[in-house]
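Subject: Model for you to look at

Hello,

Here is the model I promised. My notes follow below it.

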Amino acid sequence: MELQAIAAHSNADHIGEHRLTNAIASKQIKNTEGHSKPSRSAFEAMISKELASFLRLAKRLAFPDEARAEDFVQDAIIKAYVGFQNGDLKLTPQTGAWIRKSIYLNFLMHRRSEKRVRYVAPELLESAKTVQPELHANQLSNDILAALEKISDEHREVIILIDLEGIEYAEAAEILSIPIGTIRSRLNRARWNMANLLRNSYGSNP
Amino acid sequence: MTTPVHTEPCHHVKHYVEGVAGGKRTRWWNILGWLHVRHCPKCQEALALLQSYLKSAADMRQEASEDVSGLLSRMSDAMTEVDQNSPSPF
Ligand SMILES: [Zn+2]
């Protein structure tokens, strides 16, 4: 299944409260004549195992808009489920990677539709700080999130995928649709930016 | 207005410093890099800064996972909706 094509198709549904429902309703499920449906329980088992990591990735991409992050995850999983039911998507060890890429594409389309240089509205960022002081127990993690807001989109994406989510370089290259060499050089530049932005958080050492 | 301080290692040992900070084992042919960093305060500071960043990012990865119970139940409802909208195979 061409993920970009599906994602582009579903972008039209990204409006209003019931966009997920509409997206499902508008999908034409191919008739699997002569075959029983694939097992939903197998799909659900895979999802429940990986859902926390999907949600964490989405929250970091959409930070601090947590409701939006859940939308990205739901949309990606339902697309995967429709593909699974169609027989277009098989449950393999790569299915999680497929969903992560779909989450990223949902985020990317949302960011483009926002037509803003900065993805996060300052007032939203401020309210997240005041409403959710417990976002991370570790102050350093909050400082990392704040530093992420100060670097470019390209740098933020590689930092989130590789440094904060632990995704392999090859999968990150696939998600971002860029060569692995670009991932490496971009990551190094991004890491120096992050390290320098966090200099004060590390106190006197260094 | 002061320009924010931005520390990076000397250009010719940048890859070496990035490798060391990332936990790569140094090899004998990197002895020149090792010797340079040993005597260069700027490179030492850059190395310590990058190591601190990488450690804090690794710590953040280990933090408690998300509570997904609410989302899981909404996903289940959405999957049921997909099932109801899909044609019967029979
Ligand atoms: Zn030096």
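How many residue pairs are in polar contact between chain A and chain B? There are 17, with both residues at pLDDT 80 or more. A polar contact here is a pair of N or O atoms within 3.5 Å; within protein, one must be able to donate a hydrogen and the other to accept it, and residues adjacent in sequence count only if both atoms are side-chain atoms.

Some ground rules. This is a predicted model, in which local features need pLDDT of at least 70, side-chain atom pairs count only at pLDDT 80 or more, and totals for chains, interfaces and linings use all residues. Residues are numbered from 1 along each chain as its sequence is written, chains are lettered from A and ligands numbered from 1 in the order written, and side-chain values use heavy atoms, without hydrogens and water.

The interface

53 residues of chain A are in contact (heavy atoms within 4.5 Å) with 41 residues of chain B. The buried area is about 4200 Å² (accessible area, 1.4 Å probe, lost on putting the two together, summed over both). Carbon and sulfur atoms give 64% of that area. Three salt bridges (side-chain nitrogen of Lys or Arg within 4 Å of a carboxyl oxygen of Asp or Glu) link chain A and chain B. B:Asp83 and A:Arg40 form a salt bridge at 2.8 Å, N to O.

α3(A) gives the most, with 11 residues.

The largest pocket

About 530 Å³ of space lies in the largest pocket. A pocket is an open set of points on a 1 Å grid over the protein atoms alone, where a 1.4 Å probe fits, with protein on both sides within 12 Å along at least five of seven lines. The lining has 22 residues, each with an atom within 4 Å of a point. A:Arg191, B:Glu18, B:Gly19, B:Gly22 and B:Lys24 lie nearest the centre.

Within chain A

The structure holds 20 salt bridges over all chains. One joins A:Arg111 and A:Asp153 at 3.8 Å, N to O. A:Arg111 is in α5 (residues 95-114) and A:Asp153 in α8, so the pair ties together parts 42 residues apart in sequence.

Two backbone details. The peptide bond from A:Phe63 to A:Pro64 is cis, with omega near 0°. A:Pro64 sits in the loop between α3 and α4 of chain A. A:Ser177 has a positive phi of about 55°, though not a glycine.

Best wishes

Conventions: Helix = DSSP H or I, 4+ residues; strand = E, 2+ residues; numbered from the N terminus. Points joined across faces, edges and corners; volume = space filled by probe spheres on them.
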